[in-house]
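Biologist: Could you put the model up? I have some questions about the fold.

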Amino acid sequence: MFLLATILLFGFASAQKVIQLNYCSIDEHNLRMDCKYALPPEAPEPFCKYTNGERLFDTTDPDEEQHAPFKKRAKARMFPGNICRLLFKNLPNGKSNFTCNIKYADSAIATKTSVVDKKLLLPCSAWSVLLQSCSGLLLTLMTLPMLLEIHWL
């Protein structure tokens with residue numbers, strides 16, 4: 001019985017997961033972070049929150065309270081396509097940790113953490129999103145002409 005319960009617990013815990021965590025700068029001081037997640041087909045609407053350790057930047061869960069210093073600086077919202085977006089104003093210099101947490105009903109929490117370095121932050125554009133999320137596709141497209149040329153020889 002214990003083995004069956006363990007298998008079921010791991011099955012439910014792995015049913016949801018954070019697939020990608022992309023980030024870019026809206027302007028010189030503001031961060032946009034997109035957390036793409038996967039859920040089981042008939043799962044209820046999940047809650048999303050962004051944290052740094054114990055500090056809560058923002059959440060879509062009305063039962064949790066945002067950490068006071070971030071009330072006017074951070075906003076989390078859900079978007080179609082299983083995306084939770086954080087808009088964060090006045091990103092401090094240096095490196096900052098951001099963790100995306102996805103939870104629905106009484107299931108386990110799926111998380112993914114990323115370290116954001118302000119001086120290495122790319123501006124938000126289709127090109128920067130492509131560089132962060134599709135590096136394999138980009139590499140294939142860039143090497144395709146070379147592969148075609150070798151084939152013709």
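Biologist: What percentage of the residues of the protein chain count as buried?

Modeller: This is a predicted model. Of its 153 residues, 29% count as buried.

Biologist: OK, secondary structure. How many helices and strands are there?

Modeller: The chain has 3 helices and 8 strands.

Biologist: In what order do the elements run from the N terminus?

Modeller: The order is α-β-β-β-β-β-β-β-β-α-α.

Biologist: Let's look at pairing. Which way do E3 and E7 run, and how many bridges join them?

Modeller: They are antiparallel, with 5 bridges between E3, residues 47-52, and E7, residues 95-103. Within that pair, Asn 101 of E7 lies opposite Lys 49.

Biologist: How many bridges join E7 to E8?

Modeller: There are 8, and this pairing is antiparallel too. E8 covers residues 110-117. One of its residues, Thr 113, is the bridge partner of Thr 99.

Biologist: What about the hairpin of E7 and E8: how many residues sit between the strands?

Modeller: The hairpin has 6 residues between them, and Ala 105 takes a positive phi near 45°.

Biologist: Last topic, contacts. What share of those with a separation of 6 or more comes from residues 24 or more positions apart?

Modeller: Such residues account for 51% of those contacts in the protein chain.

Definitions and conventions: Residues are numbered from 1 along each chain as its sequence is written. This is a predicted model: local features need pLDDT of at least 70, side-chain atom pairs count only at pLDDT 80 or more; totals for chains, interfaces and linings use all residues. Side-chain values use heavy atoms; hydrogens and water are left out. Two strands pair if DSSP finds at least two bridges between them. Helices (H or I, at least four residues) and strands (E, at least two) are DSSP runs, numbered from the N terminus. Buried means under 20% relative accessible area, exposed over 50%, partly exposed in between (1.4 Å probe, protein chains only). Contact means heavy atoms within 4.5 Å.
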